[in-house]
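Hi there,

Here is the structure I promised to pass on. Have a look at it first, then read my notes below.

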Number of protein chains: 2
Amino acid sequence: MTDKKSKKSYHHGNLRAELLVHTLSVVENEGPEAVSGRAAAKAVGVAPAAVYRHFPDKRALLTACAASAFDQLADAIEARKSDSQPQEMAQFRAEGEAYIAFALHRPNLFRLMFRGDVIDGEDEEFLRASGRLQTAPGNGMGDPGSPEGAVSILGWAVVHGLATLAIDSQLDRELPANLVERERVLTSMISHMGPVFRTLGVKD
Amino acid sequence: MTDKKSKKSYHHGNLRAELLVHTLSVVENEGPEAVSGRAAAKAVGVAPAAVYRHFPDKRALLTACAASAFDQLADAIEARKSDSQPQEMAQFRAEGEAYIAFALHRPNLFRLMFRGDVIDGEDEEFLRASGRLQTAPGNGMGDPGSPEGAVSILGWAVVHGLATLAIDSQLDRELPANLVERERVLTSMISHMGPVFRTLGVKD
DNA sequence: TTTCTGAAGTGATCATTGATCACATTATCA
DNA sequence: TGATAATGTGATCAATGATCACTTCAGAAA
């Protein structure tokens, strides 16, 4: 990881970034509850109190992780979206696949993003990152009464619902155990939303 | 709460139940993170260690809360379901409304139910309670490839997705701030699923 | 170059918490 | 009436989040 600059200079030089990386991996592997500021400090080779020079408290550390997660998801969605035709239904399917893939492959990180109790929803960086997502799928957001609004919200809800139910093991009996299979079945279910989209005036 | 039987008998007599009630209210009001075994003990008027006579650890305490929550939700759904016509679409709408109402009115409790990291998913009592829910909406569960399976899963996913996104403040810009309004808009969106149900062969 | 100032890291310390242990008390039932 | 197991107590431990006064050092100012 950190290349062995064996001589430890009093000042670390890259502490904030490394703390973030380490915490992200802890969250991803063991969940947010397993995060410990002290452990992170030790892992990076620094005194426990040093953490507080870069993050006012534990919540800020986790918030930074959540922001990074939102960025990663938004990146994945944009990447997948760009190499698909701009037909709306196809776009939606592509975005949905990226969303579900992210949730299935990095469940702990995905869950953290929506844990309003553990993160600071007012944080600037967090708002920016999570904002990227809100504008991505629900490009035509706004009034849920309008067809466009209803479509974007319903679409997001289905995808988000499938993803969360799956990773919270509420669909274990209905879904294959194998991860790849699971992903395939879930994304295939997105297509069933076709009729809704057609009814609300979305072109294929 | 506990009526003032001022003479404290060495044995409490109802500890487990009262600990559960107290913890449920803490979860509901402040979230699972705010739960403290010691605080609960003090609130009920007992030594910290007494808690461990009834719950092996904190996780077990939270798991019991989650089980209770599942029971309450299942009760609410069954109640609402019974006084609606047995036409499938109407049933689904009724169940969805109950589901969303529960989530909106008791968000912290609702969230706890799906927090696999904090609760013990193997717990017998928890499995029984959460099982009630799985059979309730997805009465025709099973293969997601079959129309019945797809309908039940999709339906649950939409409702669950709408509920979680709403309480995790991801729809604040799209939804009214007022709780009752919010509930109305969300449940009204369920109807948009009509076309999917029709296509998959569900009668109105 | 030298000086000085603020950012970054340290070690000590505190209160709180989850958990365990030996012990005390009492409900239950043989 | 006793014995026994269930239930509650108080002491105690290790870990954690957080704060404080103190050091170290990098970079701007002189």
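Let's start with chain A: its secondary structure consists of nine helices and zero strands, where helices (H or I, at least four residues) and strands (E, at least two) are DSSP runs numbered from the N terminus. Read along the sequence, that gives α-α-α-α-α-α-α-α-α.

Some housekeeping before we go on. This is a predicted model, where local features need pLDDT of at least 70 and side-chain atom pairs count only at pLDDT 80 or more, while totals for chains, interfaces and linings use all residues. Residues are numbered from 1 along each chain as its sequence is written, and chains are lettered from A and ligands numbered from 1 in the order in which they are written.

The C-alpha atoms of chain A fill a box of roughly 65 × 35 × 30 Å along the principal axes. Of the 204 residues in chain A, 39% are buried. Buried means that 20 or more other C-beta atoms lie within 10 Å of the residue's own; exposed means 12 or fewer, partly exposed is in between, and C-beta atoms are placed from the backbone.

Now zoom in on helix H1 (residues 15-30) of chain B. Which residues of H1(B) are buried? They are Leu19(B), Thr23(B), Leu24(B), Val26(B) and Val27(B). These residues cover an arc of only 165 degrees around the axis, so they sit on the same side of H1(B); the arc is that of the directions from the helix axis to the C-beta atoms. On the other side of H1(B), Ala17(B) and Asn29(B) are exposed. Just after H1(B), Gly31(B) has a positive phi of about 90 degrees.

Over in chain A, helix H1 (residues 15-30) packs with helix H3 (residues 58-82) at an angle of about 80 degrees, their axes 10 Å apart. That makes H1(A) roughly perpendicular to H3(A) (65 to 115 degrees; under 35 is roughly parallel, over 145 roughly antiparallel, and the rest oblique). Axes are lines fitted to C-alpha atoms, for helices over the stretch in contact, and angles run from 0 to 180 degrees between N-to-C directions. Contact means C-beta atoms, placed from the backbone, within 7 Å.

Finally, how do the chains relate? A rotation of 180 degrees with 0.0 Å of shift along its axis superposes chain A on chain B (RMSD 0.0 Å), by least squares on the C-alpha atoms of residues with pLDDT of at least 70 in both. The two copies are thus related as by a two-fold rotation axis.

Cheers
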